[in-house]
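Here's a quick tour of a protein chain and the ligands that go with it. Have the model open while you read.

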Amino acid sequence: MPTDIKSLSRDELETQFKGWNESVYRVTQLLTWLYSRRVTSWDAMTNLPKALRAKLADAFLLQTLELVRKQGAHDTTQKFLWRLRDHALIESVLIPANPALYGDASDRHTLCISTQVGCAYGCKFCASGLDGWKRNLTPDEIVEQVLAVEREVTSDKWHVTGKPVLSHVTRHVSRAVDNVVVMGMGEPLANYENLLKALRILNAPWGGGIGARKITISTSGLAPQIRRLGGEPEQFRLAISLHGATDEVRNKIMPVNRRYPLKELVVACEDYQGQKGRMLTFEYILIAGINDSVEQARPLAALAKRLFAKVNLIPYNKVEGLSWERPEEKVCESFLAVLKKQKVPATLRREKGGDIDAACGQLRLKTERELTST
Ligand code: SAH
Ligand code: SF4
């Protein structure tokens with residue numbers, strides 16, 4: 001099976017073009033078609049000689065994601081369900097910038113992307129792991145989520161016509177996604193090589209052009225890979241899905257904690273910070289009766305202080321078929337108050353978790369179940 005062209009770095013493309021005796025400036029032209037114009041066919045690359053296009057088509061795939069379902073509206077959270085070439089389903093979620101938070105009601109967006117089909121880590125509360133792990137996404141499948149969403153939401157239709165729409169001639173091509181969070185389906189650090197390759201393409205000035213500090217990787221706590229990430233040159237941000245500040249709670253809901261208990265996870269985070277000197281974020285889902293008591297907030301505050309971490313509290317989104325519930329609002333507020341009192345930087349996601357805001361993995365699960373029941 002040939003590789004997709006969007007799995008290759010600029011260096012790899014240059015080596016290939018040299019091998020073909022093609023000039024290197026053709027690589028720049030190709031990259032512009034792929035990442036600025038976001039075209040979906042070789043034929044659209046009109047300034048590349050036909051013979052070169054034929055060579056490229058022979059050697060590489062140029063795949064796009066097929067949109068199966070879209071939920072949500074232009075100015076709210078939008079969920080995209082994609083079908084891959086082997087018919088597997090994955091999700092991406094586009095979240096508009098919150099004007100109240102950023103003072104900017106513009107077209108800025110954060111995209112939440114997936115890195116695997118399913119997940120092997122089986123956290124007890126999560127829809128993504130319910131049917132187990134199927135496969136890793138390739139770098140191009142990770143990168144293409146950004147491009148495909150931008151094709152859907154921007155008004156320039158280069159990829160369709162090969163010609164600029166008048167109003168966009170001077171503005172260059174619009175970028176709809178300026179923040180990426182790797183918090184969709186799958187455990188990103190369990191697909192380390194492909195993840196890093198994809199993030200480097202999204203980060204590169206010749207690729208997605210998204211700043212490393214605007215890319216956040218979320219992990220359930222794979223200690224060795226956290227250390228390895230600390231040694232990479234890029235300044236990607238890191239979020240730890242903690243959900244429990246004691247082994248007792250984490251063991252109950254996250255099987256990964258038996259492999260890498262808190263003590264080991266904390267040391268890996270310290271190593272990471274030793275290399276990067278950067279602040280971490282703890283993601284903490286509040287689940288009624290499991291981790292939402294004030295007694296749990298205290299050890300969480302202690303851990304956050306030790307690691308200079310900011311805490312994002314997220315009331316649990318109900319998953320069909322699972323019995324976990326979100327706590328009442330006042331319970332969430334009291335939990336937040338304990339952290340604040342301890343001077344831990346913390347936020348509580350307060351918007352009502354409408355259908356669309358439900359965590360990643362749920363639209364896919366629903367669709368797969370509907371498909372298999374028909
Ligand atoms: N595997 C990685 C990234 C994907 S999960 C990780 O676990 O960090 C992204 C985030 O969504 C994690 O913090 C995860 O715990 C959270 N999540 C999963 N199911 C959820 C649910 N039903 N409600 C709220 N958050 C959920
Ligand atoms: Fe996998 Fe993350 Fe879901 Fe856990 S929370 S099952 S690691 S996707």
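## Ligand 1

In this predicted model, a nitrogen atom of ligand 1 sits 2.9 Å from a polar backbone atom of Gly186. Asn317 also puts a backbone N or O atom 2.9 Å from a nitrogen atom of ligand 1. A polar contact here is a pair of N or O atoms within 3.5 Å. On its own, ligand 1 exposes 530 Å², and the protein buries 92% of that (areas by the Shrake-Rupley method with a 1.4 Å probe).

How many residues are around ligand 1? There are 18, and Gly186, Ser218, Ser241, His243 and Asn317 come nearest (a residue counts if one of its heavy atoms lies within 4 Å). By class, that's 8 nonpolar, 8 polar and 2 charged residues. For the sorting, Ala, Val, Leu, Ile, Met, Phe, Trp, Tyr, Cys and Pro are nonpolar, Asp, Glu, Lys and Arg are charged, and the others, Gly among them, are polar.

## Ligand 2

Around ligand 2 you'll find Cys119, Tyr121, Gly122, Cys123, Phe125, Cys126, Ser128, Gly186, Glu187 and Ser220. This shell splits into 5 nonpolar, 4 polar and 1 charged.

## Helix H3

Which residues of helix H3 (50-59) are buried? Leu52, Arg53 and Leu56 are. Looking down the axis of H3, its buried residues fall within an arc of 100°, so they line one face of the helix (the arc is taken over directions from the helix axis to the C-beta atoms). Lys50, Ala51 and Asp58, on the other side of H3, are exposed. Buried means under 20% relative accessible area, exposed over 50%, and partly exposed in between, with a 1.4 Å probe and protein chains only.

The cover over the buried residues of H3 includes helices H1 (10-19) and H2 (25-36).

## The whole chain

The protein chain has 14 helices and 12 strands; these are DSSP runs, with at least four residues (H or I) for a helix and at least two (E) for a strand, numbered from the N terminus. Of its 374 residues, 54% are buried. Among contacts (heavy atoms within 4.5 Å) with a separation of 6 or more, 67% join residues 24 or more positions apart. The chain exposes about 16,800 Å², with carbon and sulfur atoms supplying 53% of it.

Residues are numbered from 1 along each chain as its sequence is written, while chains are lettered from A and ligands numbered from 1 in the order in which they are written. Local features need pLDDT of at least 70, side-chain atom pairs count only at pLDDT 80 or more, and totals for chains, interfaces and linings use all residues, while side-chain values use heavy atoms, leaving out hydrogens and water.

Methods
A polar contact is a pair of N or O atoms within 3.5 Å; within protein, one must be able to donate a hydrogen and the other to accept it, and residues adjacent in sequence count only if both atoms are side-chain atoms.
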